[in-house]
Amino acid sequence: MGGAKGGADFDPKGKSDNEIRKFCSAFMRELNKHIGPDTDVPAGDIGVSPREIGWMFGAYRAEKNRWEGVLTGKGGNWGGSLIRPEATGYGLVYYVQHMIEYASGGKESFKGKRVAISGSGNVAQYAALKAIEYGATIVSLSDSKGTIVATGEEGITPELVHIIADMKVKRKQLTELVESAEYKNKLEYVEGVRPWAHVGKVDVALPSATQNEVSGEEATKLIEAGCKFIAEGSNMGCTQEAIDTFEKARKEKKNDSIWYAPGKAANAGGVAVSGLEMAQNSQRLSWTAEEVDEKLKAIMEACFKNCLETAKTYVPAAEGAFPSLVAGANIAGFSKVAAAMHDQGDWW
Ligand SMILES: NC(=O)C1=CN([C@@H]2O[C@H](COP(=O)(O)OP(=O)(O)OC[C@H]3O[C@@H](n4cnc5c(N)ncnc54)[C@H](OP(=O)(O)O)[C@@H]3O)[C@@H](O)[C@H]2O)C=CC1
Ligand SMILES: O=C(O)CCC(=O)C(=O)O
């Protein structure tokens, strides 16, 4: 929150817990000079789970000798919000649900859809669980070493997602899973690849691992596989070539094409619930999981409608084509910042 984004080139893989803890403390001993609840408020991201947030929060408190909501994704016992761990993945599914409803005139939902997901960390896990709850079949997950593709009709089950979540806390790779007697016949493992060209027929794709994880070639493969919705859980998940491919299809094939949603809108549920965590911290209150989830749903609906209506206003689509959600998101974001700058006298 606050607009800054940063990170570290420290690779936690292969490090002991104590080495990671010491790194987090050292990092915060310097970072604390530059952040604050009304300045920039960092949160977890790739490789940074609630455990690391705890170690950094402890170091911040030791430096400043006061409690303040300076990091989000905090633990529930010391200022965190319920539903923050789930928020990005859940929010992504809520956003796509609106895309599906709009595209089908309210006739369709996630129910019965085949969904390919990349990644197996925080965003991917909760996107998978919410999509399953909504009636979808999850056909893939992946990690930095390769992809698992479900071979049976049932797809990847909630039980399996929970097993993977436990494995990822211990920084294990998906290869270990497919070597197990229980899963080796239920999953195909494809080493060194992302899911997109390996999942067969698919309706929805949710890149949720890392940046540049869908190439132009993979975008074409997804379209050939019948994919109708692609939304980024990851930040900048699609390369520019992939986005160009999706946007070209949207313009040419109209309502029969794939529809692309950029991460800046589709994965905004995470930062939105970080905002709700800050609101609770300021009020010294804790909302229930249901309250936070309802607010998250409302935020994602407003986010979708904002992208849609802004696109309709500024870049009307051809007759029968979906509005461009990427143009809508960019213009809506730009207009808000520009209007605030204007009101505050930054330009005239
Ligand atoms: N967490 C959040 O609230 C938010 C996250 N995001 C974005 O979502 C994406 C995922 O974040 P999150 O789930 O939190 O991160 P995690 O660290 O929990 O999970 C990351 C996943 O991506 C895989 N991965 C990491 N690097 C690569 C790579 N170079 N190639 C292929 N796979 C890779 C990891 O595999 P392995 O296990 O092998 O390391 C892991 O499965 C990121 O782009 C992040 O910026 C966006 C908004 C909010
Ligand atoms: O929760 C936040 O403030 C940021 C979440 C995040 O990593 C992101 O939106 O990219």
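This is a predicted model: local features need pLDDT of at least 70, side-chain atom pairs count only at pLDDT 80 or more; totals for chains, interfaces and linings use all residues.
Threonine 72 touches Val41, Pro42, Ala43, Gly44, Ile53, Ser274, Glu277 and Met278, leaving aside residues up to four places away in sequence. Threonine 72 sits in a loop, the one between helix 2, residues 50-64, and helix 3, residues 84-103. Is threonine 72 buried or exposed? Its relative accessibility is 0%, and the cut-off for buried is under 20%, so threonine 72 counts as buried. One of its neighbours also makes a polar contact with it: the side chains of threonine 72 and serine 274 meet at 2.8 Å.

Serine 274 takes us to ligand 2. An N or O atom in the side chain of serine 274 is 2.5 Å from an oxygen atom of ligand 2. On its own, ligand 2 exposes 290 Å², and the protein buries 83% of that.

Which residues are around ligand 2? They are Met1, Lys5, Ala43, Gly44, Asp45, Arg84, Asn235, Gly270, Val271 and Ser274. By class, that shell has 3 nonpolar, 4 polar and 3 charged residues. Helix 10 gives the most to it, with 3 residues.

Now ligand 1. There are 23 residues around it, and Lys13, Asp45, Gly47, Thr88 and Ser144 come nearest. The shell divides into 3 nonpolar, 15 polar and 5 charged residues. Helix 3, helix 4 (122-133) and strand 2 (137-143) each supply at least two residues of this shell.

For individual atoms, the side chain of lysine 13 has an N or O atom 2.8 Å from an oxygen atom of ligand 1. Lysine 168 has a polar side-chain atom 2.8 Å from an oxygen atom of ligand 1. With alanine 209 the backbone is involved, through an N or O atom 3.4 Å from an oxygen atom of ligand 1. Ligand 1 has 890 Å² of accessible area on its own, of which the protein covers 79%.

Last, helix 11, residues 289-314. Its 26 residues, at 1.5 Å a residue, should span 38 Å, and the end C-alpha atoms are 37 Å apart, so the two agree. Buried residues in helix 11 include Val292, Leu296, Met300, Phe304 and Leu308. What covers the buried residues of helix 11? The cover includes helix 3, helix 4, strand 7 (259-261), helix 9 (263-266), helix 10 (269-283) and helix 12 (325-343).

Notes: Residues are numbered from 1 along each chain as its sequence is written. Chains are lettered from A and ligands numbered from 1 in the order in which they are written. Side-chain values use heavy atoms; hydrogens and water are left out. Helices (H or I, at least four residues) and strands (E, at least two) are DSSP runs, numbered from the N terminus. Buried means under 20% relative accessible area, exposed over 50%, partly exposed in between (1.4 Å probe, protein chains only). A polar contact is a pair of N or O atoms within 3.5 Å; within protein, one must be able to donate a hydrogen and the other to accept it, and residues adjacent in sequence count only if both atoms are side-chain atoms. Contact means heavy atoms within 4.5 Å. A residue is near a molecule or strand if one of its heavy atoms lies within 4 Å of it. Accessible areas come from the Shrake-Rupley method with a 1.4 Å probe; for residues, only the protein chains shown count as cover. Ala, Val, Leu, Ile, Met, Phe, Trp, Tyr, Cys and Pro count as nonpolar, Asp, Glu, Lys and Arg as charged, and the others, Gly among them, as polar. The expected span of a helix is 1.5 Å times one less than its number of residues.
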